[in-house]
Amino acid sequence: MQHTEANPVVQTPMPGRIIEVLVAEGQLVQPGEAVLRVEAMKMEVELTAAVAGAVIAVHVEAGQLVEPDVPLVTLEPSASSAPSDASS
């Protein structure tokens, strides 16, 4: 399951329980790479990074109950995945 396009904050769209944290602060991730496993509605779902970058904060731990639209993992997009400023 992926969150909104190019969003550096990983969130879940539904309440659930964190099964496993797959990343650590400082780790580099690529778009589509799984960062968390969540159990929601009796299904296991992988939440993925939408952008390439470094994990700057992991806000949850395994076993924690989470609510929708709350930051779970925050990424710092890499220069190659950040939008370019075309105005000069």
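At 18% relative accessibility, Asn7 counts as buried (buried means under 20% relative accessible area, exposed over 50%, and partly exposed in between, with a 1.4 Å probe and protein chains only). Keep in mind that this is a predicted model, where local features need pLDDT of at least 70, side-chain atom pairs count only at pLDDT 80 or more, and totals for chains, interfaces and linings use all residues. Residues are numbered from 1 along each chain as its sequence is written, and side-chain values use heavy atoms, with hydrogens and water left out.

Asn7 sits in the segment before β1 (helices, H or I, of at least four residues and strands, E, of at least two are DSSP runs, numbered from the N terminus). Its side chain gets to the backbone nitrogen of Val9 at 2.9 Å. That is a polar contact: a pair of N or O atoms within 3.5 Å where, within protein, one must be able to donate a hydrogen and the other to accept it, and residues adjacent in sequence count only if both atoms are side-chain atoms. Ignoring neighbours within four places in sequence, Asn7 is in contact with Ala50 and Val51 (contact means heavy atoms within 4.5 Å).

## The sheet with β8 in it

Strands of a sheet pair through backbone hydrogen bonds, either parallel or antiparallel. Here, four strands make an open sheet in the order β1-β8-β6-β3, with antiparallel pairing (two strands pair if DSSP finds at least two bridges between them). β1 and β3 (28-29) are at the edges with a single partner strand each, so one side of each has no neighbour in the sheet. β1 (residues 9-10) is joined to β8 (residues 73-77) by two bridges, while five bridges join β6 (residues 53-58) to β8.

Going residue by residue, Val10 has Val73 as its bridge partner in β8, and Val9 stands opposite Thr74. Thr74 is also the bridge partner of Ala57. Thr74 itself belongs to β8 and is buried, with a relative accessible area of 17%. What does Thr74 touch, not counting residues up to four places away in sequence? The list is Pro8, Val9, Ala54, Val55, Ile56, Ala57 and His59.

## The sheet with β2 and β4 in it

Another open sheet of four strands runs in the order β5-β4-β2-β7, and its pairing is antiparallel. The edge strands are β5 (43-48) and β7 (65-66), and each of them pairs on one side only. Two bridges hold β2 and β7 together in the antiparallel sense. Gly16 is the residue that stands opposite Val66 in β7.

## Thr12 in the loop

Between β1 and β2 there's a loop, and Thr12 lies in it.

The C-alpha atoms of Thr12 and Leu47 are 7.3 Å apart, although the two residues are 35 residues apart along the chain. Leaving aside neighbours within four places in sequence, Thr12 is in contact with Leu47, Val66, Glu67, Pro68, Asp69 and Leu72.

## Salt bridges

How many salt bridges does a search of the whole structure find? The count is four (a salt bridge is a side-chain nitrogen of Lys or Arg within 4 Å of a carboxyl oxygen of Asp or Glu). One of them joins the side chains of Arg17 and Glu39, at 2.6 Å from N to O. Arg17 is in β2 (residues 16-21) and Glu39 in β4 (residues 34-40), so this pair ties together parts that are 22 residues apart in sequence. Both ends are partly exposed: Arg17 has a relative accessible area of 34%, and Glu39 comes in at 30%.

Then there's a network of salt bridges linking Glu20, Arg37, Glu44 and Glu46. In it, Arg37 pairs with Glu44, the closest N and O atoms being 3.6 Å apart, and with Glu46 at 3.1 Å, N to O. Arg37 counts as partly exposed at 22% relative accessibility, and so does Glu46 at 34%. Glu44, on the other hand, counts as exposed at 55%.
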